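Subject: Structure handover

Hello,

Here is the structure for your files. My notes follow below it.

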Amino acid sequence: MLGVSSPLGVRMAISITQPDDWHLHLRDGDLLNVVVPHSAQHFRRAIIMPNLKPPIITTSAAVSYRESILKALPAHSYFDPLMTLYLTDNTSPTQIKLARESGVVFAVKLYPAGATTNSQDGVTDLFGNCLPVLEEMIKQNMPLLVHGEVTNPEVDVFDREKVFIDQVLKPLVNKLPQLKVVMEHITTSDAVKFVESLNEGSVAATVTPQHLLLNRNAIFQGGLQPHSYCLPVLKREIHRQAISSAVTSGSKRFFLGTDSAPHERRRKECSCGCAGIYNAPVALSLYAKVFEEAGALDKLEAFTSFNGPDFYGLPRNSTKIQLSKAPWKVPESFSYSEGEIIPMFAGQTLDWLPSFA
Ligand SMILES: NC(=O)N[C@@H](CC(=O)O)C(=O)O
Ligand SMILES: [Zn+2]
Ligand SMILES: [Zn+2]
């Protein structure tokens, strides 16, 4: 990381290796034309979530989804979508082999059936139905990306991540210690402890800007705030602090994954609103804010740009991006053919402005 100083010695800008987003929802249809440019503006590569309707369960579906993403890229921009397969009870080991051979699919995503947006085709019994597939993933060195929440309605919604760690992840890493696992969008100190207790190269976690900056008060601040609702739901302040400390400590086990998850405004602002926060345009500014507030700006680059590719066994980017300490206003909304999407912190002023030098 290179610091640029003003004559008074105040750091005005930093230059870092261009980041990647290791957890991103781009959706499909016309919405791609809005959200793909936003991600490509800051990120070089992204792990693309497969929870479309219908979900991406085959390599051929992943290949054609990748083509539509590339078509939505503005001219002269570079962005490499790293595709994933949606794991179902019926996924076969052969499909995993084909996925690896394609060179297009980089991971397999586990959604416990019913846990989150478009997860109804997800897995009902991981150990009962998916062991041969997980064994093939070890052979192919293909990571398992996990939405880590149990779906049992009797478990309190704020405890679902912790219970998932105890009931599924601990047995999983005991049974298959060679499987690479990414616990996606972690929200609790329990998840931090779990990830830190394991071998660095085998289990890692992505962390979103909202889980680093907000606690569950944000959902109810002055009234119900649908644009602060995501899954796993925001947690208590002590959990936010635990995640922030873990990430800013410089540990290699944590890396950037925005979980940017746009939903059309009326699908958020209604009587049964969708879970998901659209943060792609603001994510990098917000991560910089978190590291600055922790006095750890020197550790930002490893989190945004090194730990992810190192875990996935991919090269680090050679391009750079600049973050300037300059106020900028987040747009109120972005329109597309079916309506609009509202970004996180819409209309507010943020401090760090990313740009290509
Ligand atoms: N995070 C969310 O609240 N929503 C995501 C799904 C997910 O990542 O769980 C979505 O696809 O909308
Ligand atoms: Zn999820
Ligand atoms: Zn997600």
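First, a term: helices (H or I, at least four residues) and strands (E, at least two) are DSSP runs, numbered from the N terminus. On that basis, aspartate 259 sits in the loop between strand S10 (254-256) and helix H10 (265-268). This is a predicted model, where local features need pLDDT of at least 70 and side-chain atom pairs count only at pLDDT 80 or more, while totals for chains, interfaces and linings use all residues. Residues are numbered from 1 along each chain as its sequence is written, and chains are lettered from A and ligands numbered from 1 in the order in which they are written.

Back to aspartate 259. Is it buried or exposed? A residue is buried if 20 or more other C-beta atoms lie within 10 Å of its own, exposed if 12 or fewer, and partly exposed in between; C-beta atoms are placed from the backbone. Aspartate 259 counts as buried because it has 27 C-beta neighbours inside 10 Å. Leaving aside neighbours within four places in sequence, aspartate 259 is in contact (C-beta atoms, placed from the backbone, within 7 Å) with His23, His185, Thr208 and Cys230. Its C-alpha atom is 21 Å from that of glutamate 292, which is 33 residues away along the chain.

Overall fold
The protein chain has 12 helices and 14 strands. Its C-alpha atoms fill a box of roughly 65 × 45 × 45 Å along the principal axes. The radius of gyration, taken over C-alpha atoms, is compared with a globule rule of 2.2 Å times the number of residues to the power 0.38. For 357 residues, a compact globule would come near 21 Å; the chain has 19 Å, which agrees. Of the 357 residues, 47% count as buried. Among contacts with a separation of 6 or more, 70% join residues 24 or more positions apart.

Core
A nonpolar core is a set of buried Ala, Val, Leu, Ile, Met, Phe, Trp, Tyr and Cys residues joined through C-beta atoms within 7 Å. The largest one has 96 residues, and Ile48, Val108, Met183, Ala205 and Tyr287 touch the most other members. Helix H11 (residues 283-293) gives the most to this core, with 7 residues. Not counting residues up to four places away in sequence, valine 108 touches Thr84, Leu85, Leu87, Ile96, Met137, Met142, Leu144 and Leu145.

Backbone points to check by eye
- Lysine 53 and proline 54 are joined by a cis peptide bond, with omega about -5°. Proline 54 is in the loop between strand S4 (45-48) and helix H2 (59-71).
- Leucine 231 to proline 232 is also a cis peptide bond, with omega near -10°. Proline 232 is in the loop between helix H8 (209-213) and helix H9 (237-248).
- Asparagine 118 has phi near 50°, a positive value in a residue other than glycine. The loop here runs between strand S6 (105-110) and helix H4 (126-129). Asparagine 118 counts as partly exposed, with 17 C-beta neighbours inside 10 Å.
- Phenylalanine 345 has phi near 60°, again positive in a residue other than glycine. Its loop lies between strand S13 (339-341) and strand S14 (349-355). Phenylalanine 345 is buried, with 22 other C-beta atoms within 10 Å.

Best wishes

Terms used. Contact = placed C-beta atoms within 7 Å.
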